[in-house]
Amino acid sequence: MYGNLSFDIAHLLAGGLVLVSFMMLYQDRLYALINTYALHALVLSLSVAWQALVQHAPHLFVTAAIALGFKAIVIPVALHRIVKRLGIHRDIETVVGIGPTMLAGMGLVALSMVVILRITPDADPLAREDLAFALSVLLLGLLVMVTRRNAVSQVIGFMALENGLILAATGARGMPLVVEISVAFSVVIAFIVIGIFLFRIRERFDTVDVGALDEFRGERQ
Amino acid sequence: MTIDVSLFLWAVAALLATAVVAVALGRSASASRLVYGATLGISVVAVVMLMAHLVSAPGEISMVRLPLGLPWIGAGFRLDALSALFLLIVNFGGAIASLYGIGYGRHEDAPHRVLPFFAAFLAGMNLVVLADDAFTFLLSWEFMSLASWALVVSNHRSEDSRRAGFVYLVMASFGTLSLLLAFGLMAGPTGGYAFDTIREMTHAPLTVAIVFILMLFGAGSKAGLVPLHVWLPLAHPAAPSHVSALMSGVMTKVAIYGFIRVVFDLLGEPAWWSSAVLIMLGGATAVLGILYALMETDLKRLLACSTIENIGVIFVSLGLALAFRSNAMGWAAALAFTAALFHIVNHSLFKSLLFFGAGAVITATGQRDMEKLGGLIHRMPWTSFAFLVGCVAISALPPLNGFVSEWLTFQAVLQSPDLPEWGLKIIVPAVGGLLAFSAALAASCFVRAFGITFLGRSRSPAADQAHEVDRFSLSAMFILAALCLAAGILPGFVIDALSPITQALVGGSIPPQSNAPWLSIAPIAESRSSYNGLLVFVFIAVSAWGAALLVHRLASRDVRRSAAWDCGFPDARPQTQYTAGSFAQPIRRVFGTLVFHARETVDMPPPGDMRAARLTVETRDLAWDWIYTPIARGIGFAAIRLNRLQFLTIRQYLSLVFLALVALLLVLALWT
């Protein structure tokens, strides 16, 4: 399988997704983060489209189109507008410094490689690499959620995590389109709900820093 | 004629429909008669079908798989010899409790809290026995537990009922958890949850041992094995009496069914020490159960404690069967297993009878405390007679059924010298001694229960004004009493009916008994031991009748009435009679300090003080003190410590999830 072009390209695209995830980790401005997320979704849609080609699964093209349309265009544009309307162009403060975050991210990628490569010794190599990358993307998305305090960047972390899920699902052969569409739909719903919440939170507390919520609950002095 | 298992599923569906109808009927006046009538009808139909099945094709297996539940398993149901026997027990118990309920239910304050759950409870027990895969079994088991819990708290205004319900719920969840783990282990990583798949697998010895212990926890907590018995004396009496009869007489048997199904049928061969564990636990359960019963003054709690004793006897027989089976002594295993099954049948008969009697006493007097009863034999002669039959049967006196099964148990105990393991050779006779001891204590316990409740003079105005109960209740009690007698004098037929089960599960059966001369039974060989219930019955009847005849012939017919000798006390009030407390005192003195930490305090007023002297006895349950209180304290401590987790920030919660995920992945990376 090694030296095979289709494998190499799939590998490249999935690896690219992990790389973009790392890029997300050190963006400390909201607009930059949103743009990186759009890139993330673009790479995802490319990767899914390549899988569709390799696996001869035309329905995956639909998935790729959804990823491209919704995640790479509609959602980033909407987020840009939200950020503008909320008036938060300022720095996003990461809770942990960039250096430790990147180190933690590397650790997570190593961990997911070890786990997946060890538990799936006799799976299809393409699916195997794909799963390992997908788990890395997922964990990195979670890391973004954990290390940020701004609600908008937490939303982006959540959607990056979801991209990892899509990558995993398309790598494994035979995910039905229905599942894919319902996942995409649920992400849109989540996006809408979180968006509404953002405005509600801002209305009440004049900030979208989730720390304000803790203060409101009276747990921080 | 073979009976298909789907017919019983229709019966279950009918019971569930009855439960729904009962909800719809609510508090209307005729609800209780309608619902009990319906459950009676359904259960009788089921009993008739089972009888036909047992007579025509006892070993026949019938299976059906419904597309319910988990999609890749479905819901399997199966009728074989073992489940047919337990279905018979469940449905007969249901029928007779419904018959009793038609009369008893009229006095209920809140029938809408009992009726729907009564039908659902019967349906749940049926489903447990029919289930043929782990998922259906656990679901039905939990359904049965919850329905019975609802019945326990039906009188939810009483503090005691609520506490009983809470303890019961905790113990039931613990039991289900153990069962869940046991089935998970048996199904293995491939997830073979159908019983057929489990039966064909061979399990590692360690798995077998763990599953065995988990089954002891799971089924033992429902059956009332010491030290998991603590909920039983609280919960069984808290329900209405006919439900208590079902819980004590039938639900504990369903628990034993679960144990037999897994340990004897599905699991394969456990190590020899598991039978030793079973025998010792059974012996301890028998003795402790009956000692608790002897200390009780509440009639229904006394009966519930005596259930613990009988469960102990059954588990000893099961342990013996396991020991003999693992040593390939098929005939001895069959003898012990027959003893266990026979005792299961018997206990469901006489324990239901006794609970019905207790229910009748409560209906007539409103009292459960024996110290407030007495003299009821004059006011409730029929109930007294039926209760007496139950007492004689449970005390294992010939010619009633209790004697036969305990005699078979002792016959099995006597085979223990043939066992090769020295541990068992020593343990089994010792436990046999414990059983004999518990049988003697049981007799004294029921002499006390009957004597204090029904004989003497009434100790309260309520007992003085009691009236005989209605015909439905009486007929239920008399049917049970007649069956106790029938099983006692014709044991051969019962033993033969049980032989397909022993053949299937322990690979042997005792020789056919019903064609033995004069209906006697000889489980091993005529030369070693035999028993003839009919002969004993005829002898007792003839000699008693002859003695009565002689006395009446020879004695004068003149009746002379005079004051009873009052020992020099001028005012012999009913309170000066021998009480339940007095009767139990010698035994409490002997065992109380050791087993119950009993403490007597005498409050003697100084001369000149007019207040009454008081003697207070405080007994404690060591299982509470040594096991449950420390566990409860530990959980409370941990809960307070973990309380902080309720007040984290959103980001901390996210980090918690993240760290848990990473930790699990790390474990996976390191272990595989």
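Q: Helices here are DSSP runs of H or I with at least four residues, strands are DSSP runs of E with at least two, and both are numbered from the N terminus. With that settled, where is Ala396(B) found?

A: Ala396(B) lies in the loop between H15 and H16 of chain B. Before we go on: this is a predicted model, where local features need pLDDT of at least 70, side-chain atom pairs count only at pLDDT 80 or more, and totals for chains, interfaces and linings use all residues. Residues are numbered from 1 along each chain as its sequence is written, chains are lettered from A and ligands numbered from 1 in the order written, and side-chain values use heavy atoms, leaving out hydrogens and water.

Q: Thanks! What is phi of Ala396(B)?

A: Near 60°, which is positive although the residue is not glycine. Most residues other than glycine have a negative phi, and most peptide bonds are trans.

Q: And which peptide bonds are cis?

A: One joins Pro398(B) and Pro399(B), with omega about 10°. Pro399(B) is in the loop between H15 (381-394) and H16 (401-414) of chain B. Another runs from Val226(B) to Pro227(B), with omega near 5°, and Pro227(B) sits in the loop between H8 and H9 (232-238) of chain B.

Q: Back to H15(B). How does H15(B) pack with H17(B)?

A: H15(B) and H17(B) (residues 422-454) pack at about 165° with their axes 9 Å apart. Axes are lines fitted to C-alpha atoms, for helices over the stretch in contact, and angles run from 0 to 180 degrees between N-to-C directions. The two helices are therefore roughly antiparallel (over 145 degrees; under 35 is roughly parallel, 65 to 115 roughly perpendicular, the rest oblique). Their crossing is left-handed, meaning the near helix is turned anticlockwise from the far one by less than a right angle, with clockwise being right-handed.

Q: Which residues make the contact?

A: Ser384(B), Phe387(B), Leu388(B), Cys391(B) and Ile394(B) of H15(B), with Phe446(B), Phe450(B) and Phe454(B) of H17(B) (contact is heavy atoms within 4.5 Å). By class that is seven nonpolar, one polar and no charged residues. Ala, Val, Leu, Ile, Met, Phe, Trp, Tyr, Cys and Pro count as nonpolar, Asp, Glu, Lys and Arg as charged, and the others, Gly among them, as polar.

Q: What about H13(B) and H20(B), at what angle do they cross?

A: The axes of H13(B) (residues 330-365) and H20(B) (residues 491-506) cross at roughly 120° and come within 9 Å. That makes H13(B) oblique to H20(B). The crossing is right-handed, and the contact has 12 nonpolar, three polar and no charged residues.

Q: Zooming out, how many helices and strands does chain B have?

A: Chain B has 24 helices and four strands, and its C-alpha trace spans about 95 × 70 × 60 Å along its principal axes. Its radius of gyration is 26 Å, which agrees with the value near 26 Å for a compact globule of 672 residues (taken over C-alpha atoms; the rule is 2.2 Å times the number of residues to the power 0.38).
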